[in-house]
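Subject: Structure handover

Hello,

Here is the structure I said I would pass on. My notes on it follow below.

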Amino acid sequence: MDSSEIYWNDRALLEWQVELGATDAILDAPVDRYALEAAKPAPKVAAATEKPAAAPVPTKAPEVDAVALARTAAETAGDLNALSSAMQAFEHCELKKGARSFVFCDGNPAARVMIIGEAPGREEDRAGRPFVGRAGQLLDRMLEAIQMGRAADDAARSVYITNVLPWRPPSNRTPDKDEIAMMLPFLERHVALADPEIVVLMGNTPCQALLGRTGITRMRGNWVDVLGKPCLPMFHPAYLLRNPIAKREAWADLLDLNARLRG
Ligand code: URA
């Protein structure tokens, strides 16, 4: 094959992998698993007279209660910096291993409104900040429409933003219940330390985490109490990008939020 054929061949292979969903490189170079298999030492065959080796006694790995560990770590954090450090040091969530960045927050920690999303996506994982991709840009425009924003210095006009999970799930899959449960103590502590007046839950994942249920289509627009604070479930901006017709309801929810803030 000449170099141009090699190029187009490699490119076709790469495109095929992307189509299958492999969107991120894990290592710098491919691993030939067949070569590894061939290099393995041949299994030792016991001589006919040799007594069969006693079966190894299975050693049970000590069970770790990751939720309890998270709770202790979260409770000992006295401020947002300490909470961020405690979360970064937490080694029991597998998502940490596959993520590029730890994504903690953005905006003004003194804001009256705290917005909670799901988890970082690809852009957020790259930038280390929540809601910076297309959904984040829509969120910024939604907030601007009620004269609010994450960059505002004035606590009355600013928002504080975080996610249920600080690490990107592979291929942006929905976080599972165990991951949510494990990181929930940190999220609860985050709300307690930021101490906003109002909490906004964007989509099903934060509703699952803090309200214990999903069904955002029915829940959106209905104020509930979360951790002693008024809380408004809303459609996630990524959902609004896929279903622009739902922007009408999102607009009604924003007006309601604005009325509560200025009321
Ligand atoms: N979606 C979220 O829920 N959070 C982000 O930070 C980005 C996209």
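Which residues are linked with Asp 106 in a network of salt bridges? The network takes in Arg 129, Asp 140 and Arg 150 along with Asp 106. Please keep in mind that this is a predicted model.

Overall make-up

The chain has 263 residues, and 40% of them count as buried. Its secondary structure comes to twelve helices and six strands. Taking contacts between residues at least 6 apart in sequence, 71% join residues at least 24 apart.

Salt bridges

Side chains of opposite charge can pair when their charged atoms come close. The count here is ten salt bridges. Arg 150 and Asp 106 are both buried.

Another salt bridge joins the side chains of Arg 112 and Glu 197, at 2.9 Å from N to O. This pair links distant parts of the chain, 85 residues apart: Arg 112 is in the loop between β1 and β2 (113-117), and Glu 197 is in the loop between α8 (177-194) and β4 (198-202). Glu 197 has a relative accessible area of 43%, so it counts as partly exposed.

A further salt bridge is formed by the side chains of Asp 253 and Arg 220, again with 2.9 Å from N to O. Asp 253 belongs to helix α12 (residues 247-262) and Arg 220 to the loop between α10 (216-219) and β5 (224-226); the two are 33 residues apart, and the pair links distant parts of the chain. Both Asp 253 and Arg 220 are buried.

Aromatic rings

A pair of aromatic rings is described by the distance of the centres and the angle of the planes. The structure holds four aromatic pairs. In one of these, Phe 102 and Phe 104 are stacked, with 5.9 Å centre to centre and 20° between the planes. Phe 102 and Phe 104 are both buried. Ring pairs also bring in Trp 167, which forms a cluster with Phe 102 and Phe 104. Elsewhere, Arg 260 lies over the face of Trp 223, 4.0 Å from the ring centre.

The nonpolar core

The largest nonpolar core has 63 residues, and the members that touch the most others are Val 113, Ile 115, Ile 116 and Phe 186. Helix α8 gives the most to this core, with eight residues. Leaving aside neighbours within four places in sequence, Ile 116 is in contact with a list of residues that includes Asn 163, Leu 187, Val 200, Pro 206 and Leu 210.

Pro 206 and Leu 210 are among the buried residues of α9. This helix (residues 204-211) is mostly covered, with seven of its eight residues buried. The buried residues of α9 pack against β2, α8, β4, α10, β5 and β6 (229-234). Gly 212 follows α9 and has a positive phi, near 75°.

Two residues in more detail

Is Asn 163 buried or exposed? Its relative accessibility is 8%, which means that Asn 163 counts as buried, the cut-off being under 20%. Asn 163 lies in strand β3 (residues 159-163). Its side chain reaches the backbone nitrogen of Glu 118 at 3.1 Å. Not counting residues up to four places away in sequence, Asn 163 touches several residues, among them Ile 116, Gly 117, Pro 130 and Phe 131.

Ala 70 is in helix α3 (residues 66-75). With a relative accessible area of 0%, Ala 70 is buried. Which residues does Ala 70 touch, not counting residues up to four places away in sequence? They are Phe 90, Met 182, Pro 185 and Phe 186. The C-alpha atoms of Ala 70 and Leu 184 are separated by 8.2 Å, while the two residues are 114 residues apart along the chain.

Regards

Notes
Residues are numbered from 1 along each chain as its sequence is written. This is a predicted model: local features need pLDDT of at least 70, side-chain atom pairs count only at pLDDT 80 or more; totals for chains, interfaces and linings use all residues. Side-chain values use heavy atoms; hydrogens and water are left out. Helices (H or I, at least four residues) and strands (E, at least two) are DSSP runs, numbered from the N terminus. Buried means under 20% relative accessible area, exposed over 50%, partly exposed in between (1.4 Å probe, protein chains only). A polar contact is a pair of N or O atoms within 3.5 Å; within protein, one must be able to donate a hydrogen and the other to accept it, and residues adjacent in sequence count only if both atoms are side-chain atoms. Contact means heavy atoms within 4.5 Å. Rings of Phe, Tyr and Trp (its six-membered ring) pair if their centres lie within 6.5 Å; planes under 30 degrees apart count as stacked, over 60 as edge-to-face and the rest as tilted. A charge sits over a ring if NZ of Lys or CZ of Arg is within 6 Å of the ring centre and within 35 degrees of the ring normal. A salt bridge is a side-chain nitrogen of Lys or Arg within 4 Å of a carboxyl oxygen of Asp or Glu. A nonpolar core is a set of buried Ala, Val, Leu, Ile, Met, Phe, Trp, Tyr and Cys residues joined through side-chain atoms within 4.5 Å.
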